[in-house]
Amino acid sequence: MRTRINYLQIGVTAALVLLTAHGAGTRTLRAIGTSSEAREDTSGAATLSGIVKLEGSQPVATRINMAADPACLKMHSAPVMSEEVATGTNGALKDAIVYISDGLGNRTFDPPTEPVVFEQKGCTYNPHILGMRARQTLKVANSDPTTHNIHPAPQNNREWNLSQPPGSSPIEESFAREEIIPVKCNVHPWMKGYIAVFKHPYFAITSKDGTFDLRNVPPGEYTIETWHEKYGVLTQKVTLETNQTRTLEFVFKR
Amino acid sequence: MKHNRMRAHFAGILVLLFAGVGQVTFAQESHIGGLTGEASRGKKLYRRYCVGCHGPLGDGRGENAPWIDPKPRDFVTGTFKCRSTPTGALPTDEDLYKSVTRGFVNSNMPSWLPLTRQQRADLVAYVKTFSSSFREEKPPSPLSMPSESAANQQSIQSGNELYQKMNCWSCHGKEGRGDGPSAQTLVDNRGYPIPPYDFSVGTRFKCGESNQDLYRILMTGLDGTPMPSFANGLTPAQAWDVVHYIRTLQMNVKRKKQTAENEKKDGGESKPVGAQPE
Ligand SMILES: [Cu+2]
């Protein structure tokens, strides 16, 4: 009995050492659960496209005041507008995220090997909203002559906060779990963006014309959501038949 | 032969541990030096000393919480300010033990030094059970800290330049009084306003008072607050320079205060308030 306890102690210590060694040098957070079956069968796949609109009087964009940091101010000759609400013609709404929120069952998808890039440029985020996959590599770049701190505020992932001076190499991170994460820079309070993390590839961020495209969707019944940082979430149910192309319209009301 | 069997036995235990059996044990215990804290004992202590502020669920919503500023820590998210580990990582048991022992300045969290070492270790073990993070992840090894460089004029000058370059002044202010242009906009991870540290108030920081503690705050950041980690932007030598410069900010402020007081004493009532120095 006594020897067994000793074995356990050795085991515990060894496991701790191994786990610690495993954790050292990488901040990539370990995903819970398993990944498998990356083969996407696109035969018979459907396409879901459409438009996101904003109904009602068109909002007036607010001007950003960068006076707190002369380095930011100097980079712009024209006024910089808030990207919170951006619209095109006929109420087309930019920067809405359209995605499958339910219906994929227990299908799992391995993340792409190529990284996504979130750039700090002109003391704003480029893009304003970044879509990426869980466990995909995120590269955060600073193209500005001033120091930013990149500070995501997740609910289901670990929160981190890193300072990034000018000329430094990109920060590499990743998120283990699905969620839409607000990102801010505490040095420059007007800097606000979002990183949308999905565990599947069926998401799109609307461009200035409000349109979106979800391709290679396996036939099935889905819940489709559209998220906008100011106007919230809209939901529609849709059934996609084999090889079908369907269009959807989402309308936010002011 | 016997040796081989032992190895097989050992491997078997390892497999068991990785299968998750051991993880439960880890989460219920804390290890501080030679001390092993037990969550079951910690729970009784927590119910007695901590529950009023941190709440029965450890979510920082105890019955006293509404009247407390800053708000009690929410243990469920597993986000902690004072760590020796990189930003985004869990704290070590030792980090939590130090926080319980030291308490937090400018907050309602007292030092729990009156409790025994064993009791504090037990509390750490119990606090860890509130967050699933401690079952799912392990804290990485602490950030390495090379020994402190000399606090000479050159180091202070370099620290001053870095304080400007790294935009420390945006929040902490040009003179370190916590009055930078972004100071008023800062909130913590629960949306409560949080003022940047005012270096003129004293020598003690949130996570300790030594130069080592200051170095650690700079390089690990204070997770859950606007204070970032500078581990990506500063070399260890540069971080020591910033530490040395910040110490002069504290001293400058002290000296100015003293001078002002002396002037008041010397000049008596003849000097009008706010008079320009000759
Ligand atoms: Cu910034």
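This is a predicted model: local features need pLDDT of at least 70, side-chain atom pairs count only at pLDDT 80 or more; totals for chains, interfaces and linings use all residues.
**Stop 1**

In the contact between them, domain 1 of chain B supplies 21 residues and domain 2 of chain B supplies 16.

The size of an interface is often given as the accessible area lost when the parts come together. Between domain 1 and domain 2 of chain B, the buried area is about 1600 Å², and carbon and sulfur atoms give 52% of that.

**Stop 1: what joins the domains**

How many salt bridges are there between domain 1 and domain 2 of chain B? The count is one. To see a salt bridge, select B:R83 and B:D223 and show their side chains, which meet at 3.0 Å, N to O. Side chains of opposite charge can pair when their charged atoms come close. Seven residue pairs are also in polar contact between domain 1 and domain 2 of chain B. On the side of domain 1 of chain B that touches domain 2, the residues by class are seven nonpolar, seven polar and seven charged.

**Stop 3**

Are B:K128 and B:D93 buried or exposed? B:K128 is buried because its relative accessible area is 6%, under the 20% cut-off. B:D93, at 13%, also counts as buried.

**Stop 2: B:H31 and its surroundings**

Which residues does B:H31 contact, leaving aside neighbours within four places in sequence? They are B:T36 and B:D93.

Next, show the side chain of B:E29. The side chain of B:H31 makes a polar contact with the side chain of B:E29, at 3.0 Å. Then select B:V124, which is 93 residues from B:H31 along the chain. The C-alpha atoms of B:H31 and B:V124 are separated by 9.0 Å.

**Stop 3: two salt bridges in chain A**

Move to chain A and select A:D95 and A:K94. Their side chains meet in a salt bridge of 3.3 Å, N to O. A:D95 is buried, with a relative accessible area of 6%, while A:K94 counts as partly exposed at 23%.

For the next pair, select A:R215 and A:D213. The closest N and O atoms of this salt bridge are 3.5 Å apart. A:R215 counts as exposed at 52% relative accessibility, and A:D213 is partly exposed at 37%. Over all chains, a search of the whole structure finds eleven salt bridges.

**Stop 6**

Most residues other than glycine have a negative phi, and most peptide bonds are trans. The last selections are exceptions to look at in the backbone.

Select A:N216, in strand β13 (residues 211-217) of chain A. Phi of A:N216 is near 55 degrees, a positive value in a residue other than glycine. At 41% relative accessibility, A:N216 counts as partly exposed.

Now go to A:N90, in the loop between α2 (70-74) and β2 (97-102) of chain A. A:N90 has a positive phi of about 55 degrees, although it is not a glycine. Is A:N90 buried or exposed? A:N90 counts as exposed, at 71% relative accessibility.

For a cis peptide bond, select A:N126 and A:P127: the bond from A:N126 to A:P127 has omega near 0 degrees. A:P127 is in the loop between β4 (124-126) and β5 (129-133) of chain A.

Finish in chain B with B:D69 and B:P70. The peptide bond from B:D69 to B:P70 is cis, with omega near 0 degrees. B:P70 is in the loop between α4 (51-54) and α5 (93-102) of chain B.

Technical notes:
Residues are numbered from 1 along each chain as its sequence is written. Chains are lettered from A and ligands numbered from 1 in the order in which they are written. Side-chain values use heavy atoms; hydrogens and water are left out. Helices (H or I, at least four residues) and strands (E, at least two) are DSSP runs, numbered from the N terminus. Buried means under 20% relative accessible area, exposed over 50%, partly exposed in between (1.4 Å probe, protein chains only). Contact means heavy atoms within 4.5 Å. Buried area is the accessible area (1.4 Å probe) that two parts lose on being put together, summed over both. A salt bridge is a side-chain nitrogen of Lys or Arg within 4 Å of a carboxyl oxygen of Asp or Glu. A polar contact is a pair of N or O atoms within 3.5 Å; within protein, one must be able to donate a hydrogen and the other to accept it, and residues adjacent in sequence count only if both atoms are side-chain atoms. Ala, Val, Leu, Ile, Met, Phe, Trp, Tyr, Cys and Pro count as nonpolar, Asp, Glu, Lys and Arg as charged, and the others, Gly among them, as polar.
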